Amino acid sequence: MKVMVAVKRVVDYAVKVRIKADKSGVETSNTKMSMNPFCEIAVEEALRIKEAGRASEVVVVSMGGEQCVETIRTGLAMGADRGLHVITQDSSSLFPLAVAKLLQALVSSEQPRLLLLGKQAIDDDCNQTGQMVAGLLGWPQATFASKVSISDDKESVCVEREVDGGIETIQLQLPAVVTADLRLNTPRYATLPNIMKAKKKSIQRVTPEELNVVIGSDLEVLEVTEPPKRKAGVMVASVDELLDKLKNEARVF
Amino acid sequence: MRRILAQRRWTPLGKKWLENCRAYSVPASSKVVRDERFATLDDQDIKHFSGIVGSKGLVVDKDELEVANTDWMRKFKGSAQLLLRPQSSNQVAEILKYSSSRRIAVVPQGGNTGLVGGSVPVFDEVIVNLGAMNSIISFDEVSGILICEAGCILETLDKFLADKGFMFPLDLGAKGSCQIGGNVSTNAGGLRLIRYGSLHGNILGLEVVLSDGTILDMLSSLRKDNTGYDLKQLFIGAEGTLGVVTKVAVLTPQKLPSVNVGFLACTDYTSCQKMLLEARKHLGEVLSAFEFIDSFALDMVLKHSGHRHPLPDAKEKFYLLIETTGSNQSHDKEKLDNFVETVLTQGLVVDGTIAQDNTQISNFWHIREGIAEALGKAGAVYKYDLSIPIKDLYNLVEILRERLGGLATVVAYGHLGDGNLHLNISAPDYDEKLIAKIEPFVYEWTAAHKGSVSAEHGLGFMKAHAIHYSRSPETVELMRKMKAMLDPNGILNPYKVIA
């Protein structure tokens, strides 16, 4: 069985982001970019499924400009078998619906039985792509997965989901879409032998036109601004002053 | 393992602070006696000091004194009755002028993270803590020259500089607590000396207060100034025995965007040495750190820190942490790839991983930087910081391991790129019999190999007697003369550096 994992190149989780001067978006030039942490967890899960003997091949797919190749290489360095790169003019026009349509086209040609994604990207926090592609494909979906178990006969998958009320366990017929949440696993480090092997693994390039998908967007980013700065705390000189401020300014009582 | 409490009452504050550490006290005064020429504090003195620093600068609270009297390793404990927190260089000057006249001994103190007992009193010396003098005075965004007060915490300075696109040329595990005045006074080396050089090169100017209260303004911020003797160099590394550093002018490098870290496994020490050679050849100008950790050190830090093993399948004896810092990510990646391919083909590394994102980079660094703390949690630790010719460096570790047998665990790590070994012996308790097997053997071995008994930690109190292992008698004699000239009453950090 083939497993396909979609990964996204985002500003590194540990970087302090800055807004561009024209407020059109976040500064990404000269900023460290890495694989989205949830996508990394999805790749790890795919590899574990393969190591458990439930899958024969793990394909990593990403979309965007040339630099996406680095992110795909990371997936290959972790142990994925093959890469797929959908080249677009630039990454900023790729909103979830466009990505979902592209994934739909790729799924129909690659025929994976399981499509894994991160639950959301840390740059836009959309949390939409997995759900949309499941809808487009007409496949069952399990989002916010904290545990994934493929059945022995590889016909279904049992997923534990983190929901507000607790953990929900559902069973889906394969093929299915699963999106990964934080506690699903701890991704492995890419080891040197795998990093070297990854250089020789193939990354197939394809354009949206070849997939018969038109990338348009119904979304327009108007403005990106920083959240208001935290106001400095106020030092009070006495308990009486504290009570006064709590009562008259904060209106706590 | 039972927690051993020394014969002191633990106050609630003390207990909470010392939660994960073990309490041991090595009688600091066992071989040294209090110099009776020093005055004992009286009410007049306290009143006078209060007049200088104000009520908020005067600390007599038992709990706060307990903390300030104890060094980071919990190995040395003084009995200062008074801690002063001056808020300006003038206050420091007045404190020293008065102390000199009264012959009151003082200990200049910064973040109190030193590892040789240099930052705490031996007896009842007054502690002069610079922590309240923590302003950043100026920063020139063109030249990268930063001027700040001695009490600034290293990490705070680095964060300030990061916002402006620069970085502090010094980095060490204690960065969250250590102060720049202390770093300068100990000539701290740290993790990136291999790239940015020592403080002797990066410090452009100092303001120092001498023992008689003279404020020596050498705070020039010129890149080049060959007018007369470069006196500031005397104070860099003098461990507070020649003067108290109050202001610092530093040349800071650009913060370059492309950072890569590899965590690699080698079978033997010879491979580690060859790796250093290859790293210099292939990574050259972008190499910014070259650290080694032996398997005992790695086991220690993984056990006590909760970090996971970067290479769970590797059971090798040596691990290297190699970092590159450069201006162009794709160039550096290419250099790193070539390097990795070369060393893999030559069989110098058997396994390894390259960090794929910043979180992995900081995980690897936390492992290296967490070893000292892990050792502290494991029990008693005898720490040796030695400069040894790189080819002989690990021999000492193996010889000592054999010599000590099952008495203790010998753990080794350090700045291999600088030839600096951090040799640590971990035992359940401090033990006279154990130390007799270690010292003076370690010092003698180091001296025989023309090494230094203190590569970067300084001499402090712990190694005040050991200077002759690494310096000639004539050199030490000249040092004594300088000390006598600059501090005739001997009030600055007595019993330390040169016993």
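Me: Before we start, what ground rules apply here?
Reply: The model is predicted, so local features need pLDDT of at least 70 and side-chain atom pairs count only at pLDDT 80 or more, while totals for chains, interfaces and linings use all residues. Residues are numbered from 1 along each chain as its sequence is written, chains are lettered from A and ligands numbered from 1 in the order in which they are written, and side-chain values use heavy atoms, with hydrogens and water left out.

Me: Take strand β16 of chain B: how many of its residues are buried?
Reply: Strands here are DSSP runs of E, at least two residues, and helices are runs of H or I, at least four, numbered from the N terminus. Buried means under 20% relative accessible area, exposed over 50%, and partly exposed in between, with a 1.4 Å probe and protein chains only. For β16(B), residues 420-427, eight of the eight are buried, so the strand is largely enclosed by the rest of the structure.

Me: Which way do the side chains of β16(B) point?
Reply: In a regular strand the side chains alternate between the two faces of the sheet. Here Asn420(B), His422(B), Asn424(B) and Ser426(B) go one way, with Leu421(B), Leu423(B), Ile425(B) and Ala427(B) going the other.

Me: And which strands pair with β16(B)?
Reply: Two strands pair if DSSP finds at least two bridges between them. Strand β14(B), residues 380-387, runs antiparallel to β16(B) over eight bridges, and Tyr382(B) has Ile425(B) as its bridge partner. Strand β15(B), residues 409-415, is also antiparallel to β16(B), joined by seven bridges; there Thr409(B) partners Ser426(B). The hairpin of β15(B) and β16(B) has four residues between the strands, and Gly419(B) takes a positive phi near 70°.

Me: How many aromatic pairs are there over all chains?
Reply: Rings of Phe, Tyr and Trp (its six-membered ring) pair if their centres lie within 6.5 Å; planes under 30 degrees apart are stacked, over 60 edge-to-face, and the rest tilted. The structure holds 16. One of them is Phe38(B) with Tyr495(B), edge-to-face at 6.2 Å centre to centre and 85° between the planes. Phe38(B) is in the loop between α1 and α2 of chain B and Tyr495(B) in the segment after α18, so the pair ties together parts 457 residues apart in sequence. Both Phe38(B) and Tyr495(B) are buried.

Me: What about rings and charges around Tyr189(A)?
Reply: Ring pairs link Tyr189(A), Phe263(B), Tyr319(B) and Phe364(B) into a cluster. A charge sits over a ring if NZ of Lys or CZ of Arg is within 6 Å of the ring centre and within 35 degrees of the ring normal. Arg308(B) lies over the face of Tyr189(A), at 4.2 Å from the ring centre. Elsewhere, Arg192(B) lies over Trp365(B) at 5.0 Å.

Me: Last one: how much area do chain B and chain A bury between them?
Reply: Buried area is the accessible area (1.4 Å probe) that two parts lose on being put together, summed over both. Here that is about 2000 Å², 52% of it on carbon and sulfur atoms. In chain B, Arg308(B), Gln356(B) and Asn358(B) lose the most area to chain A, together 29% of what that side buries.
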